[in-house]
Amino acid sequence: MEQKALKERAAWKALEGHYQLVKDVHLRSLFRDDPSRGERMACEAVGLYLDYSKNRATAETMQLLFALADESGLRGHIDAMFRGDKINITENRAVLHVALRAERNEKIFVDGIDVVPEVHAVLDRMSSFAGRVRQGDWKGYTGKRIRNVVNIGIGGSDLGPVMAYEALRHYSDRSMTFRFVSNVDGTDLTESVRDLNPAETLFIVSSKTFTTLETMANAHSAREWLLGGLKDERAIANHFVAVSTNAAAVRKFGIDTANMFGFWDWVGGRYSMDSAIGLSTMLAIGPGNFRAMLSGFHAMDEHFRTAPFERNLPVLMGLLAVWYSDFFEAQTSAVLPYDQYLKRFPAYLQQLTMESNGKHITLDGSRVDYPTGAIYWGEPGTNGQHSFYQLIHQGARLIPCDFIGFFNTLNPLGNHQNLLMANVFAQAEALAFGKTADEVKSEGTPEWLVPHRTFDGNRPSNIILADQLTPETLGKLVALYEHSVFTQGAIWNIDSFDQWGVELGKVLAQRIVPELSDRVALLTHDSSTNALIRLYNNRHILP
């Protein structure tokens, strides 16, 4: 039976009518009328506690959202992904990042082949290699121990590894230095290697095809830097490894294909941090901690796959995201981790969420007539409080927020953790309930100043809590957002796993590159682009 268009579904129509009834209801009223709301609208699973009570939603709202999930076939979509169906329809690919963290005894099939043994074979090779480097058995060309690791990639080949390294720095080998290069701007590579000794440096070149423009430009420049110090082409094999599937190109570069770690076309770049793309993570934290991270991913996968929607953390978050995006017309969502180690987590989520659901065409090729893919952004607390929280509290835009906090810090220091977490709870409380004009007046505030010091409140938020930021917890958090994104895409009936939108600019850049070298080339772009190219060519100093 063919599925109805989203706005034609009965649950959607019911939500439209319901929205008109509740859109102006204040969280003050919701909490006043339901004293147990804070306990009732909370859910704990696999070590994560989600308080979603400070959302502008009633019990009826949630039931209608669950009905929308049912009518949209969310359970079927989930089963299809875990089954290995080719749900990335525009590229005819399975979507099986969940297989990257499956246990050895599980079976997951793609085209009739169980991929789990392949996954664990790569993990075992990664573990062996990481052990040799970390123990000093893998030597550089001159016989010196490797002390520096530079990961060269872009997009998912960079954002995941750098986020995981920063998040799990507490567990990293502090005798080693880790750097991450992604920008084709030469400054990125130059500054990353400026203080490193080539004889002690290992480069990981992460590119599935080994043709990615930015990554390969940086890889070749890194190669020149290394040879500038070691003077022998044979040194490449000791100082470069590849995460790729293109053995011929890897071999041509000078890398021994025995040191090439592969992955599969059913792994999207933004879902690849727990594949061989995570080699730098494993080198930093060790194979044991890396596998603990995978077990965290797997725990959340199983929760998402099996839990009823009413107690399913990713489903709850995903449905609420649709509620705000499509009914309240909220254009952005803030992710606010109150742990300094998670400082790159919002940047990581930007790709995960916006590359996945920044789509305007449904699975059947129709143009959407509803918003998809909110803009995700954020900074770690409490830094953001002295930056952009003003806009969240008193601005004219509705910005749903996710607060992430931990009961215990990895670095106990005086009363710091209590101060940090007090801010989590206080900010969510202030956003929800605000401060009325009468409350401001009661403090003796002059009449003319009262409007400026009044807070409307009714600003929604989720609070996500865990015991401590461990490798396992990080895996759970990442998988939580992966599956929330999946939930949203299933409701919107879009392909959350292709990324055609990143291609056009790349293609045009390839056309322009030679025109910046050949200053007499005939330019056939629009008048603006032609003028900009001529201006650049006139003022650029040739090397």
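Two strands are taken to pair if DSSP finds at least two bridges between them. Strands (E, at least two residues) and helices (H or I, at least four) are DSSP runs, numbered from the N terminus.

The model is predicted: local features need pLDDT of at least 70, side-chain atom pairs count only at pLDDT 80 or more, and totals for chains, interfaces and linings use all residues. Residues are numbered from 1 along each chain as its sequence is written, and side-chain values use heavy atoms, with hydrogens and water left out.

Six strands form an open sheet with mixed pairing, in the order β1-β2-β13-β12-β10-β11. Its edge strands, β1 (42-45) and β11 (375-377), each pair on one side only.

| Strands | Bridges | Bridge partners |
|---|---|---|
| β10 and β11 | three bridges | Ser 333 and Tyr 376 |
| β10 and β12 | four bridges | Ala 334 and Cys 401 |
| β12 and β13 | six bridges | Asp 402 and Asn 462 |

Strand β10 (residues 332-337) is mostly covered, with six of its six residues buried, where buried means under 20% relative accessible area (1.4 Å probe, protein chains only). Thr 332, Ala 334 and Leu 336 point one way from β10, whereas Ser 333, Val 335 and Pro 337 point the other way. In a regular strand the side chains alternate between the two faces of the sheet.

From β10 the chain crosses through helix α15 (residues 345-357) to β11 in a right-handed β-α-β crossover; right-handed means that, with the strands pointing away from the viewer, the path from the first strand over the helix to the second runs clockwise.

Terms used: Buried < 20%, exposed > 50% of the residue type's maximum accessible area, 1.4 Å probe, protein only.
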